[in-house]
Amino acid sequence: MRWIAGLVIVIVGAAAGYYWYSLPPEYPTKYIITADRILTMDPERPQVQAILVDGNEIMALGDVRQLENQDKAKLIRLKGTLIPGLIEPHTHPIAAALLGAATDISAFKYDSRSQIMKALEELADEYSLTPWVLAYGWDPIAIKDLSPPTLAELDAISPDKPMLVLTQMMHEAYANSAALKEAGIDPGRGPMLRELEEINRVVSAIPAPSDEAVELLVRKKYTDYAKAGYTSIGVTGAVGRHPNPVGLLQRIGLEDNPPVRTYLYLTEDQLPNWRFGGDDRFTILGAKFWLDGSPFTGAAATYHPYETSELVLERLGLSSGHHGELNMSDTDLIEKLREVHKKSGQVAMHVQGERAIDQALMAIATIQAEDPRDDIQHRLEHNALITREQIQWATNLGVSLGFFVDHITFYGDQLEDLFGSNRMNRYMPVRDAKDAGAVVTFHGDHPATPMNPMGTVETAMSRTSQSGNTVVGADHAVTLEEALQAMTVDAARQLGQEDTLGMIAVGMKADFTLLNGNPQVMRPEGLRLIRPTLTIRNGQPVDTRFVSWFDPELAIKAVWKMLMGDETEPTST
């Protein structure tokens, strides 16, 4: 019987060890926190030695001895640089979670067409989350020899299984004959899908993974944001395969201790079913409209045509004199904006080319003339080719400007071939926006780029491509303080949360990000090597371990449905 006793001891020990491991780290309700350096992002008091936290609020700032004399709270000493909690104002967690489960064929992993085609061949023989072959990251801009796949190539790789290949910016896709037939599209029209309506039609034909599988993936993605140092995210469109994407984000966001705060913008089809509002865990702020498309598919609605380069004509397959088109008429946009504005909702508008930016600003000016409001600051997103005059117009209208500066990192070497040297040198003109006094933010638009906030800071400061061969508009470089401001103070202002977030100051929420280095003494080219080591939200460390997001019941149901191929659920125990 000794073996039974030994087994019991092992089981009990393992259970106790798991229980101990699963306990989240916890700070006392009231404490004093200090670090090697604390950058407050408060222009009145840019650095302090220590912070007194009580519950979820910052109560006092000062040196350690002063605060200890003021309150006999526990002292917590941290190594590194403490800054306000980072804010990602433009991201897509459901899409990022699902595409994270697709096969990565991006330029982050491969550097030639032959490598990618081989990866697709291997993918066609693998078991995956869906019965389709799904790949993400096709990127002819970053990979020089990546000519479009033919229908014959895709059909040869996967003659029976439907196959969908999404481009890196998700504004184009390629489908094989089986996928086109599943979506009710004639394969004779070829494999390329350029219209969002067509892409959505094919995506909608993919058998969706179970709700439980999607929820697990999104829960993990929320933890990934916290690991990256974010304490709040702006979800500019709850896009992704799920029967109720807004409800899913709301359920995760309204839990007692979510990893990040969620500020959501609805898509047009979601607007009739949801009201604006919420609390400091989950809030619906307004709506997201797409006015044009990606610069890297030829869909940016520009003043002047794309360049007549080999990249544009051959690899992208665009005609000479091409420029992108607007997604809606001026009348439609004004009507849609009016409906959100009158309900006190904020609108975030995807704009890349100058014509799209003009359309957005014209619509905002029209609506504000009809119904002047100081409490609503609409947003323009990405702003690749915004002009100095448009920046001033936006600033005068109180419109905030979010820049996708990581375009420079990953596509800087190709920008001249796309837009010529003059437009390249004013691409993402952040300095003009800062000098105009605009509210300026930076975002990663995940899953379009990897999650690396300090990499974004590096790009905003250096304006240098990943290869190091191209500097894009050096005159538009910003300082470290300005870059961090864009990801804290101004990001909070853009989300309408400047009274509680974005700064280390008395009365603000106790949201902090701890960095493992000192960005003040590093050259910009090395900033992406700095990593967040601790994220604190509402005064408590965020638990980012596996056990914090993994739900065994959800996992069992997800696996069961995947294996059974139907909606039958296992009996709960």
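Modeller: We shall take the strands, the nonpolar cores, a surface patch and the salt bridges in turn. Please keep in mind that this is a predicted model.

Colleague: Let us begin with sheets. In what order do the strands of the open five-stranded sheet lie, and what is the sense of the pairing?

Modeller: Strands of a sheet pair through backbone hydrogen bonds, either parallel or antiparallel. Here 5 strands form an open sheet with mixed pairing, and their order is β7-β8-β9-β10-β11. Because β7 (103-104) and β11 (192-193) each have a single partner strand, they stand at the edges, and one side of each lacks a neighbour in the sheet. Within the sheet, β9 (residues 163-167) and β10 (residues 173-175) are antiparallel and share 3 bridges. Leu166 is placed opposite Ala173 of β10.

Colleague: Which way do the side chains of strand β18 point?

Modeller: In a regular strand the side chains alternate between the two faces of the sheet. In β18 (residues 400-403), Ser400 and Gly402 point one way, Leu401 and Phe403 point the other way, and all are buried. Strand β17 (residues 379-382) runs parallel to β18, with 4 bridges joining them, and Arg379 stands opposite Ser400.

Colleague: Phe403 has now been mentioned. Which residues have the most contacts inside the largest nonpolar core?

Modeller: Phe403 is one of them, together with Met349, Leu380, Leu418, Tyr427 and Phe442, in a core of 97 residues. Helix α12 (residues 354-370) supplies the largest share of this core, 7 residues. A second, separate core has 20 residues, including Tyr31, Val53, Ile76 and Met508. As for Phe403 itself, its contacts beyond four places in sequence include His382, Ile386, Met428, Val440 and Phe442.

Colleague: Is Ala179 buried or exposed?

Modeller: Ala179 counts as buried, because its relative accessibility is 0% and the cut-off for buried is under 20%. Ala179 belongs to helix α6 (residues 177-182). Beyond its neighbours within four places in sequence, Ala179 is in contact with Trp132, Pro162 and Met163.

Colleague: Which residues make the nonpolar surface patch of about 410 Å²?

Modeller: That patch is made by Val559, Trp560, Leu563 and Met564. Met564 lies in helix α21 (residues 552-564) and, at 46% relative accessibility, is partly exposed.

Colleague: Let us turn to charged side chains. How many salt bridges are there?

Modeller: Side chains of opposite charge can pair when their charged atoms come close. The count for this model is 34 salt bridges. In one of these, Arg431 pairs with Glu482, the closest N and O atoms being 2.6 Å apart. Since Arg431 is in helix α16 (residues 430-435) and Glu482 in helix α18 (residues 480-486), the pair ties together parts 51 residues apart in sequence. Arg431 is buried at 16% relative accessibility, and Glu482 is buried at 18%.

Colleague: Which residues are linked in a network of salt bridges?

Modeller: Glu215, Arg219, Arg251 and Glu255 are linked in such a network.

Conventions: Residues numbered from 1 in each chain as written. Predicted model: local features only at pLDDT ≥ 70, side-chain atom pairs only at ≥ 80, totals over all residues. Heavy atoms only, no water. Core = buried A, V, L, I, M, F, W, Y, C linked by side-chain atoms within 4.5 Å. Buried < 20%, exposed > 50% of the residue type's maximum accessible area, 1.4 Å probe, protein only. Helix = DSSP H or I, 4+ residues; strand = E, 2+ residues; numbered from the N terminus. Contact = heavy atoms within 4.5 Å. Patch = residues over 30% accessible without salt bridge, like charges linked within 9 Å, V, L, I, M, F, W, Y side chains within 5 Å. Areas by Shrake-Rupley, 256 points an atom, 1.4 Å probe, with all protein chains shown as cover. Salt bridge = Lys/Arg side-chain N within 4 Å of Asp/Glu carboxyl O. Pairing = 2+ DSSP bridges.
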